[in-house]
Structure formats: structure tokens, C-alpha cells
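Dear colleague,

Please find below the structure for your review.

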Amino acid sequence: ILGEELHSLDLFVARSCGVMFEYKNGAIVSHAYYPEKFPPLEYHALHSLETHEFNWHKNLIRLNSELQCAIDSFKKFSPDALFLDGSIVPQVGDKPSKDSAAYAEYEKALEKMAELYSIVDSCGAALLGIIKDSRGKHFIELLRKSAPELEEFSRALDKTNDTTFLHNLLSPSQRTPAFKYASDNKENLVLRDLGEWSKKIASFYIKPVEYDRPLRVDFLLPKSADAAKIGEYASLVQSLSTENKFYAYPAILIEADLRAALEGKEMEIAYRALSDELGMQPELFKLRRNSRPFR
């Protein structure tokens, strides 16, 4: 997604893409895209948002677009596993205040998230969210609670995060045990909004390659939440994330990201098309900080 604040209009351009890889004996035998190989752009225009409202709308437009694409892709391809680029839980920063105009978009995202959980769970498929750059400290907090002797290293642990800590602890192909997404679902503002589904969300870290950090994987607990099934999820992530020893990320998400990625010029094209259609109205004036004739 791209977003630009104009004088009294806010313009957003978004694109989402679903990719299907079919494997046989460890090799791709077919692939397909949803809605198509080169997905169309989505345009959204809103009036005079405050900066925090702009950011909420931008995040939620992206999230709703991605979730709808994931739902439609799953219905079309019926895969054994569905990967999301990012968590399977909306982020706390995505949740606007209840008096915000963006709150309706947030509620829509919760409905789509619940729909996605439901259709994946009913089919017995895996739902896995892969976080590129997790900076969380939840695993360290759990470790400190279960191993009080680590408190002698408290100053160091206070200054690090899970992936930095685990980069030194895990060897390639190793993972942590699975753990709850949050210690207390009632205290997590977003999990609380997911109702009963919040009890089925867990995480683990895995280090696919030697020279890159571990990945955090958030997943929907299967109906038979045994260790073997979670081990299958980890093996799947591992097998798809070892193409480059310096960059651990599932190949299918790399392909989806390349298809959905936007460049700044696409926002400029959208802006010119809008101004050509409406004329240079004051609403479309660029902000002075972005249109200075001098530097």
C-alpha cells in the first residue's frame, strides 16, 4: 500500500496477491495466482484525516485487502497450508479508538479474520503467519519466568529481543517450543476482540539458515493440537525458507511480495489521473512540505 496526504484529501493505492505453489517430491509442479498474475490496483480516497487517522486507515485498508485476498485465494485453491506475510493477528497499533472513523474498518478486519480462521479450521488446513522482522520480547519474558536463574543476566536480557537472543541460541533448522501468542488474552487489546479464536493462536521461532535471524511463526492451533502436527508446520516453514543462506523467508511469500509490491510512481500516476479528471482543485493541492520549489 501507498498513501499520500493532500491538502484536504488522502489518497491510498493498494494491491494484494495470492500465490499457489503445488509441490511433488520437493519440486514445484504447478503455480497459479489470485486474482491474476499482475493484480489490479485498488484506489481509496478519504477527506482530511488527522495524521493518526491517516495511519490507521492506511494500515486497515492494507489489512482488509490482504485478508480478502487470502479468503478468496483459499476458496479458489483449497491448499493444505495458507501462509500470510505477517501475523495472523491484527497488531495493537492497527486498532483505532472507538470514536475514530477508522473503527468501522477495524471491525471489518476482525470479521474477515474470523472468517479466515473458520474456513481454514473447518478444512483442517494450516494457517501460518510469517513475521519478517519481529522485535518482540515475549519468548524472553516466558523464559525468565520459567528459569529464575536467568535473572543474573537481567541487564543484558532487558536490552535484547527474542530474535537476537535466539540467533545465538538456535542452530540452523532448530526451533523453539510453541507458546501462547500472549500471556494473558484479556490484557491484549486485539486478542480480546477475537473472542474464542484468541485461545487458538500460538507461536514459535525457527532458524532456517545459518546466516540469518530466526523467523517468528504465528499459527492457528489445529483441532488436534499435538506436538507432531506443530512439528509438521515447522518443517514446512523450514523447507520453504532455505533458498538463500543469508535470507530466510518462505519462497512463496517472496513471490507474492514481488507481485504485490508498489513503487512510488504508481501513486504519482493515480494522482495525475485524479487531477486530470477533476482539475486542480484545492483539495488536490500537495502539501507545501512536499511541493517546495526550492531546497
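The sulfur of C123 lies 17 Å from the closest cysteine sulfur, in C69, which is too far for a bond. A disulfide here is a pair of cysteine sulfur atoms within 2.5 Å, and by this rule the count is zero. C69 is likewise in no disulfide, the nearest cysteine sulfur being that of C17, 6.2 Å away. C123 is exposed at 54% relative accessibility, whereas C69 is buried at 7%; buried means under 20% relative accessible area, exposed over 50% and partly exposed in between (1.4 Å probe, protein chains only).

Please note that this is a predicted model, in which local features need pLDDT of at least 70 and side-chain atom pairs count only at pLDDT 80 or more, while totals for chains, interfaces and linings use all residues. Residues are numbered from 1 along each chain as its sequence is written, and side-chain values use heavy atoms, with hydrogens and water left out.

Rings of Phe, Tyr and Trp (its six-membered ring) pair if their centres lie within 6.5 Å; planes under 30 degrees apart count as stacked, over 60 as edge-to-face and the rest as tilted. The count comes to 11 aromatic pairs. One of them, F21 with Y23, is edge-to-face, at 6.2 Å centre to centre and 70 degrees between the planes. F21 is buried at 18% relative accessibility, and Y23 is partly exposed at 36%. F179 and Y205 form a stacked pair, at 6.0 Å and 25 degrees. Both partners are buried, F179 at 10% and Y205 at 1%. Together with F139, these two residues form one aromatic cluster.

Yours sincerely
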